Amino acid sequence: DFDRFGRKKLSYGEFAQACAVRGFAADKAKNIAVSLDWRAHRFLQEDDLQVLDVWKPPDWLIAASNEAAADEYKACLIRKYGHFVRAWRQAMDKDNSNSCTWQEFCDA
């Protein structure tokens with residue numbers, strides 16, 4: 001029932017609006033639509049969504065938030081490295097890419 005007009009395609013706006021009606025943030029839904037449109041047609045078709053049937057999201061993406069674990073992790077970094085910047089430079093961003101991959105995060 002996303003495709004109200006039976007055109008077999010949805011513009012980004014139509015997709016976002018249909019998601020918003022179902023309680024999702026329209027701006028985030030539009031970003032998802034852009035990401036799913038791998039052919040850059042500026043609309044979605046059924047085959048654009050087929051990747052979701054086989055995609056297994058990484059653990060970090062679907063993990064429940066845990067504030068106590070985050071606090072414990074930060075305290076561990078401070079104990080081990082003395083400062084968050086030192087922890088970042090020596091443990092979390094060893095390749096100086098100015099980003100931290102999931103593997104770098106786990107290793108830290």
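Reply: Searching the whole structure, which is a predicted model, turns up 4 salt bridges. One of them pairs Glu14 with Arg7, whose side chains meet at 2.5 Å, N to O. Arg7 counts as partly exposed because its relative accessibility is 39%.

Then there's Arg39, which bridges to Asp48 with the closest N and O atoms 2.9 Å apart.

Phe43 lies in strand β2, residues 43-44, and Asp48 is among its contacts once you set aside anything within four places in sequence. Take Leu10: it is 33 residues away from Phe43 along the chain, yet their C-alpha atoms are 5.3 Å apart.

Next up is Lys74 with Asp71, a salt bridge at 3.9 Å, N to O. That still makes the list because the cut-off is 4 Å. Both residues belong to helix α6, and they are about one helical turn apart because 3 residues separate them. Lys74 is partly exposed at 40% relative accessible area, and Asp71 is partly exposed too, at 41%. As for bridges with shared partners, they tie Arg39, Asp47 and Asp48 together into one network.

Helix α6 (residues 67-81) packs against helix α7 (residues 84-92) at an angle of about 85°, with 9 Å between the axes. The two helices, α6 and α7, are therefore roughly perpendicular. On the α6 side the contact is made by Tyr73, Lys74, Leu77, Ile78 and Tyr81. From α7 come Phe84, Arg86, Ala87, Gln90, Ala91 and Met92.

For contrast with all that charge, here's a nonpolar part of the surface. A patch there is formed by Leu49, Val51, Leu52, Val54, Trp55, Trp60, Leu61, Ile62, Trp102 and Phe105, with about 1000 Å² of accessible area together. Helices α4 (51-54), α5 (59-62) and α8 (102-107) each supply at least two of the patch residues. Val54 is one of the patch members, it is found in α4, and at 70% relative accessibility it counts as exposed.

Terms used
Residues numbered from 1 in each chain as written. Predicted model: local features only at pLDDT ≥ 70, side-chain atom pairs only at ≥ 80, totals over all residues. Heavy atoms only, no water. Patch = residues over 30% accessible without salt bridge, like charges linked within 9 Å, V, L, I, M, F, W, Y side chains within 5 Å. Areas by Shrake-Rupley, 256 points an atom, 1.4 Å probe, with all protein chains shown as cover. Helix = DSSP H or I, 4+ residues; strand = E, 2+ residues; numbered from the N terminus. Buried < 20%, exposed > 50% of the residue type's maximum accessible area, 1.4 Å probe, protein only. Axes fitted to C-alpha atoms, helices over the stretch in contact; angles between N-to-C directions. Parallel < 35°, antiparallel > 145°, perpendicular 65-115°, else oblique. Contact = heavy atoms within 4.5 Å.
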